Amino acid sequence: PKPAVRVAVSGAAGAIGYSLLFRIAAGGLLGPDQPVELRLLEVDEALGALEGTVMELQDCAFPLLAGMETGSDARRMFDGVSHALLVGAKPRGPGMERSDLLEVNGRIFGPQGEALNDAASDDVQVTVTGNPANTNCLIAMHAARDIPNERFSALTRLDQNRAVAQLATKTGASVTDIHDVIIWGNHSATQYPDVTHATVHGRAARLEVGDDAWLNDVFTPTVAKRGAAIIEARGASSAASAASATIDHARDWALGTEAMVSMAVPSDGSYGVPEGLVSSFPVTVRDRAWRIVPDLTIDEFSRARIDASVAELASERDAVRALGLI
Ligand code: NDP
């Protein structure tokens, strides 16, 4: 059999972790013939609960699960990992200012970046799901001085999947008939789900939908506010879909995709996004390297929406710089 690949997950005892780990162990991340070893990072207080999840993982008797380790020491958990899925983060509490939120998360993602730098495998790929994901990713990337910046990314695939699902419901098409939906910018309320290049059954999505008012007034806010709608309905946040999107993102990055998918990655200056900002772009992936899809036409409406989200990212970057976190 192939040697096992080590995969680290932080916040492993959380709600997203509870969906994510079973998918990874079943082969959903690296494929049906690749054994995996899980390295599960948690804060000390959650290690007890994590043992319960570990028992369940054992009880699934997954043929591909070659080993598990748990702990609160990032250096030990990141030792030799080729994939790090950073899910654990500090959510905004009541009355918390944005700068407090960025600072608290800086104290998580800075040390984790350093630990990855010291301990991870030379081929490590880092995916940040924990919010504020783009800026947490920026902090970890800066702290990991020797890991190339292009090995860091943050999740906007859930937004893409939500946008595709809305288009499928509206047009009656299957999700596999929908291509080239793009998420630009920050994984926040300012994100821009762009359908100007999207197709449904090979036809421009705008024509296939045939309802500009729906696209402008219903589609975009539905995608942006989907998380809140799910909390309202379930009384708990959207953990399984966030885990599924994390798998989609990291699997496409590991195994490649010809299809255009959205990932938040450090900008090379493409599409007027300042270099170094971790912003969502359309990418394709080959040989474990993403490449921003070049030369798409950006109309005036899209330009304004991209600029607004990128301005928010720049202000988050400035705030973490002022806090000395990057
Ligand atoms: P979840 O597992 O539900 O969420 C974890 C993170 O993912 C949050 O930052 C959350 O952001 C983010 N997220 C991104 N997309 C989504 C989405 N669509 N829906 C919901 N969340 C999304 O949180 P839990 O509180 O259940 O678990 C977090 C775990 O992380 C805890 O066990 C905690 O102990 C751990 N933790 C571990 C750390 C470490 O390993 N060093 C550090 C900090 C925490 P948002 O809050 O905006 O929803």
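Let's start at L296, which sits in the loop that runs between β14 (289–292) and α11 (300–322). Keep in mind that you are looking at a predicted model. L296 counts as partly exposed, because 17 C-beta neighbours lie inside 10 Å of this residue, while being buried would take 20 or more.

Now step back to the whole chain. Its domain assignment gives domain 1, covering 5–154, and domain 2, covering 157–316. Taken over C-alpha atoms, the centres of domain 1 and domain 2 are 23 Å apart. Where the two domains touch, 28 residues of domain 1 are in contact with 27 residues of domain 2. On the domain 1 side, at least two residues each come from α1 (15–25), β4 (83–86), β5 (125–128), α5 (133–143) and β6 (152–154). By type, that side of domain 1 is made up of 15 nonpolar residues, 11 polar ones and two charged ones.

Next, have a look at helix α10, residues 239–255. Its 17 residues reach 24 Å from the first C-alpha to the last, close to the 24 Å expected at 1.5 Å a residue. The buried residues of α10 are A242, A243, A245, T246, H249, A250, W253 and A254. If you look down the axis of α10, these buried residues fall within an arc of 165°, so they line one face of the helix.

How values were computed. Residues are numbered from 1 along each chain as its sequence is written. This is a predicted model: local features need pLDDT of at least 70, side-chain atom pairs count only at pLDDT 80 or more; totals for chains, interfaces and linings use all residues. Domain bounds come from an automatic or database domain assignment. Two residues are in contact if their C-beta atoms, placed from the backbone, lie within 7 Å. Helices (H or I, at least four residues) and strands (E, at least two) are DSSP runs, numbered from the N terminus. Ala, Val, Leu, Ile, Met, Phe, Trp, Tyr, Cys and Pro count as nonpolar, Asp, Glu, Lys and Arg as charged, and the others, Gly among them, as polar. A residue is buried if 20 or more other C-beta atoms lie within 10 Å of its own, exposed if 12 or fewer, and partly exposed in between; C-beta atoms are placed from the backbone. The expected span of a helix is 1.5 Å times one less than its number of residues. The arc is that of the directions from the helix axis to the C-beta atoms.
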